[in-house]
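Keep the sequence and the coordinates open while reading.

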Amino acid sequence: MGRLQKILIPFLGLVLAFWFYSARENFKPEMLKGKRVIVTGASTGIGEQMAYHLARMGSHILITARTEAKLQKVVERCLELGAASARYVSGTMEDMAFAEHVVKEAEASLGGLDMLILNHVGTSYFGYFDGDVGHVRKLLEINFLSYVAMTVSALPMLKESEGSIVVVSSMAGKVGFPFTVPYSATKFALDGFFSSLRQEFSIQSVNVSITLLLFDQGDHGPSIHPHPRVLPCPSPPSATASPPSPLPLFLQPCHSTSNTHSGLWGILLKNSLRTQFFPMLHKTSCHVLAGMY
Ligand SMILES: NC(=O)C1=CN([C@@H]2O[C@H](COP(=O)(O)OP(=O)(O)OC[C@H]3O[C@@H](n4cnc5c(N)ncnc54)[C@H](OP(=O)(O)O)[C@@H]3O)[C@@H](O)[C@H]2O)C=CC1
Ligand SMILES: CC(C)CCC[C@@H](C)[C@H]1CC[C@H]2[C@@H]3C(=O)C=C4C[C@@H](O)CC[C@]4(C)[C@H]3CC[C@]12C
């Protein structure tokens, strides 16, 4: 019995790991050609790099952040790199009306939306929690509530295009690290909201994928490592699975397709197992190649 357990349990573990980690390799850069994408927080850092990769793949790009001068430069570079079109809207995500305005702008100028990449993040500090409730509130507005506001505004367009929502989160939104209390709180909030919403989309057969990206190292600023690495990200089971790409820093489209054969409990159990208990193992329906860390 003891020997059986010693062999059977690791074997079962391996089978489960293989199941959770298996994905079809069918991504092609052309999949993003002509797609209409919003990237927030794209004046610098990760958002800026995402915009450039989307540009190389020929997407229509709408970027946003506060600093107009930087956005102008990013738009110019996107056009040089081959974007189908590139434009910006500047403003602060402290203002929910602005968050909604960005989505309306995409509707007016692009006639719809295929992918909403929520990436912006307000400035916080790295140190012991200082008890400043005002800072926590402000950071929640920028890092969380504006994400919700943009999602709500964009949903009708994303449902129509069967598009994707990509939420840039962090390991600090999964595990409580010291010295990042306000920041971590906002990232946990994102996980709660979007993971729960994803389950509802599965139940309702809404064909809009939700992907949470976790970057696991702090290296603030635009210094992007040249060598890409695949990061698994939790997303619902998908018939149109989107596996890793050989391209650097790229977000793949994926869809939370209906699970007609599994039934409600099957969906809930499978999704919860995958996204809650095996967040770092799961790469069934969506992957990100992040050209950093
Ligand atoms: N860098 C890291 O180590 C890690 C980053 N992440 C996540 O990746 C994402 C991007 O991070 P990173 O590239 O480092 O961030 P940066 O600080 O480099 O960029 C943040 C972006 O958000 C914009 N922004 C800041 N405040 C506001 C605001 N009030 N309204 C609108 N836009 C705003 C900034 O532009 P502007 O100032 O012009 O408004 C900028 O474009 C974030 O979600 C972050 O949490 C996750 C793990 C690690
Ligand atoms: C597998 C684990 C051992 C990895 C531990 C990684 C830890 C150290 C990583 C995970 C998430 C990282 C924080 C993050 O996401 C974003 C920011 C915002 C930026 O303005 C300042 C740095 C900061 C706070 C990062 C600091 C380092 C953190 C805590």
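Two residues are in contact when heavy atoms lie within 4.5 Å. On that basis, take the contacts in the protein between residues at least 6 apart in sequence: 75% of them join residues at least 24 apart. The model is predicted, so local features need pLDDT of at least 70 and side-chain atom pairs count only at pLDDT 80 or more, while totals for chains, interfaces and linings use all residues. Residues are numbered from 1 along each chain as its sequence is written, chains are lettered from A and ligands numbered from 1 in written order, and side-chain values use heavy atoms, with hydrogens and water left out.

**Overall make-up**

The protein has seven helices and nine strands. These are DSSP runs, numbered from the N terminus: H or I over at least four residues for helices, E over at least two for strands. Of the 293 residues in the protein, 50% are buried. Buried means under 20% relative accessible area, exposed means over 50%, and partly exposed is in between (1.4 Å probe, protein chains only).

Helix α6 covers residues 181–204. Its 24 residues reach 35 Å from first C-alpha to last, close to the expected 34 Å. Helix α2 has twelve residues and reaches 17 Å, close to its expected 16 Å. The expected span is 1.5 Å times one less than the number of residues.

α2 is mostly covered, with eleven of its twelve residues buried. Among them are Gly45, Ile46, Gly47, Met50, Tyr52, His53 and Leu54. Just after α2, Gly58 takes a positive phi of about 80°.

**Helix pairs**

Axes are lines fitted to C-alpha atoms, for helices over the stretch in contact, and angles run from 0 to 180 degrees between N-to-C directions.

| Pair | Axes come within | Crossing angle |
|---|---|---|
| α2 and α3 | 8 Å | roughly 25° |
| α4 and α5 | 8 Å | roughly 35° |
| α5 and α6 | 8 Å | roughly 20° |

Angles under 35 degrees count as roughly parallel, over 145 as roughly antiparallel, 65 to 115 as roughly perpendicular, and the rest as oblique. α5 and α6 are therefore roughly parallel to each other. The crossing of α5 past α6 is right-handed. A crossing is right-handed if the near helix is turned clockwise from the far one by less than a right angle, and left-handed if anticlockwise. On the α5 side, the contact residues include Leu139, Leu140, Phe144, Tyr147 and Leu155; on the α6 side, they include Tyr183, Leu190, Phe193, Phe194 and Phe201. The residues of this contact divide into 15 nonpolar, four polar and one charged. Ala, Val, Leu, Ile, Met, Phe, Trp, Tyr, Cys and Pro count as nonpolar; Asp, Glu, Lys and Arg count as charged; the others, Gly among them, count as polar.

α2 and α3 have their axes crossing at roughly 25°. That makes α2 roughly parallel to α3. α2 passes α3 in a right-handed crossing. Here Glu48, Ala51, Tyr52, Ala55 and Arg56 of α2 meet Val74, Arg77, Cys78 and Leu81 of α3. By class, the residues of this contact are six nonpolar, no polar and three charged.

α4 also passes α5 in a right-handed crossing. The α4 side of the contact is Met96, Ala99, Glu100, Val102, Val103, Lys104 and Glu107. α5 brings residues including Glu141, Leu145, Met150 and Met157. The tally is nine nonpolar, two polar and four charged residues.

**Loop residues**

Which residue just after α6 takes a positive phi? It is Ser205, at about 55°. Ser205 is not a glycine. Ser205 sits in the loop between α6 and β6 (209–215), and is partly exposed at 37% relative accessible area.

Glu162 also has a positive phi, near 55°, and is a residue other than glycine. Glu162 lies in the loop between α5 and β5 (164–170). At 38% relative accessibility, Glu162 is partly exposed.

Is Gly112 buried or exposed? Gly112 is buried, with a relative accessible area of 6%. Its place is in the loop between α4 (96–110) and β4 (115–118). Leaving aside neighbours within four places in sequence, Gly112 is in contact with Arg36, Ala106, Glu107 and Met157. Gly112 and Arg36 are 76 residues apart in sequence, yet 7.0 Å apart in space, C-alpha to C-alpha.
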